[in-house]
Amino acid sequence: MIVAVLLIYLVIIIAVATVIDARHVRFYMSGSDNVTQEYGTTFKDPGIYAVSTGKLFGEGNRQLEIKTEGTVNTEALGSYTIKYGVRYLFRDYSTERHVNVVDTQPPVIELKHKEGYEASWMTGYVEEGYTASDNCDGDLTAKVIRAENEDKIIYTVTDSSGNTATAEREIQYIKTEPRIVLYGDENMVVTASAGFTDPGYSATDGAGDDLTQLVQVDSNVVAYLAGDYRIVYTITNELGNSVSAVRNVTVIPANRPDVVTPDTKTIYLTFDDGPGPYTGKLLDVLAKYNVKATFFVTAANPKYYDMIAREVNEGHSVGVHTYSHNYKSIYSSEEAFFEDFYAMQDVIYEQTGCYTNLYRFPGGSSNTVSSFNPGIMSRLTKALTDMGYKYFDWNVSSGDAGETTRTNVVVDNIEAGCRGMKASVVLQHDIKDFSVNAVESVIIWGLQNGYTFRALDMTSPDAHHGVNN
């Protein structure tokens, strides 16, 4: 009976508390309900307590028991929630605190130093090394951005939270520029020739180290053409800065003797493309009449090279015609032309002990077979002239280059061509027997008609065709 009465009283009290007094729970939270916590630090809850409160009786004096749910991991960035709960008068009450774990600390950049190291003008600065680390991201060395200028380097790195760190390194340079020394004269005057030989140069840096191998040489010297040229010697460092020296080269034409006009009617017999199987017979005929001729020789028949020596020994002139007689090769470039030219000069030297300064272009200076290389003949005729050589075309053709294969026609062509000429340069080929067979008749006719036969030399009258390329 008593228990029942107590229960009734209890129900009445609860009813009064919940309905009339509106009894409920109130939380008192220390600090903010939104907390920012630095990564890697220890989180400590600022504190919270709860009491009951109502309209009639106010707040209770006793702190209610609070159950806490949730944890904060400060070793992982992110947002965390801590929930606080109270059970009071058969009802549940709760509140929350939000904790944001963030990284606001910038990374740390450490610059390494090598004892006694000093950057040079030549190599620039060679990186001594550096590291970058972050309390959250760990090693960030690979993400460092390096910006280098003349006197300093700026290192920058940003972590995953957007925190940026910078470091600055001042560079101490050996700033003395290298010195390039030119051997010989800085202003040179040379005679046109096959090639130009640089007198040489050297280079050293401020510490006295030899930098000669690093010099870049830019030369526009064309040794076989008269003109003014420059050679620029340059050292460039790794920063793109350069030091240069300049040599000026003036190529002048070689001296040549004056042309001597013969005082009598003169025939210059010239023979191309030999020596060959009929050259010996030809030399016998010339010797019989003591007539001197000119041979523009090739390397087509090596078994007859000894004829070149005989030609010189018997008082005839020898000139270069061509080593290969390959038009496409010879006229492909100046370099190819002179390669062929000097190859034949070497053959002549081997047979005679001397070089020649006489030349006849394959096809003549007026040829158009070289037109695949525009202007090559104009350049080559000038080059040979500047170098002191003398080239000869012809003003009388025997017709043995394709017009005829008959000896009597060759004789008639030469006689007709020479009539009325003061100086006749006759074109024949000593590799053709029918043309060689005509020579004795031409000599007899010439001697009977007051002609003198001579070999060509540097003083002989020019026989130049108009250059067509």
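Buried means under 20% relative accessible area. By that cut-off Glu 415 counts as buried, because its relative accessibility is 13%. The model is predicted.

**Salt bridges**
- Side chains of opposite charge can pair when their charged atoms come close.
- The count comes to 18 salt bridges.
- Arg 146 forms a salt bridge with Glu 127, with 2.5 Å between the closest N and O atoms. Arg 146 lies in strand β11 and Glu 127 in the loop between β8 and β9, so the pair ties together parts 19 residues apart in sequence.
- Arg 146 is partly exposed at 31%, and Glu 127 is partly exposed at 24%.
- Arg 169 and Glu 128 meet in a salt bridge of 3.3 Å, N to O. Arg 169 sits in strand β13 and Glu 128 in the loop between β8 and β9, so this pair ties together parts 41 residues apart in sequence.
- Arg 169 is buried at 3%, and Glu 128 is buried at 14%.
- Shared partners join Glu 127, Glu 128, Arg 146, Glu 148 and Arg 169 into one network.

**Thr 212**
- Thr 212 is in the loop between β17 and β18. Its relative accessible area is 18%, so Thr 212 is buried.
- Its side chain makes a polar contact of 2.6 Å with the side chain of Asp 210.
- Thr 212 also touches Tyr 201, Ser 202 and Ala 203.

**Helix α2**
- Helix α2 spans residues 279–288, and its buried residues include Leu 282, Leu 283 and Val 285.
- The buried residues of α2 pack against β21, β22, α3, α8 and α9.
- Just after α2, Asn 290 takes a positive phi of about 55°.

Key:
Residues are numbered from 1 along each chain as its sequence is written. This is a predicted model: local features need pLDDT of at least 70, side-chain atom pairs count only at pLDDT 80 or more; totals for chains, interfaces and linings use all residues. Side-chain values use heavy atoms; hydrogens and water are left out. Buried means under 20% relative accessible area, exposed over 50%, partly exposed in between (1.4 Å probe, protein chains only). Helices (H or I, at least four residues) and strands (E, at least two) are DSSP runs, numbered from the N terminus. Contact means heavy atoms within 4.5 Å. A polar contact is a pair of N or O atoms within 3.5 Å; within protein, one must be able to donate a hydrogen and the other to accept it, and residues adjacent in sequence count only if both atoms are side-chain atoms. A salt bridge is a side-chain nitrogen of Lys or Arg within 4 Å of a carboxyl oxygen of Asp or Glu. Lists of a residue's contacts leave out its neighbours within four places in sequence.
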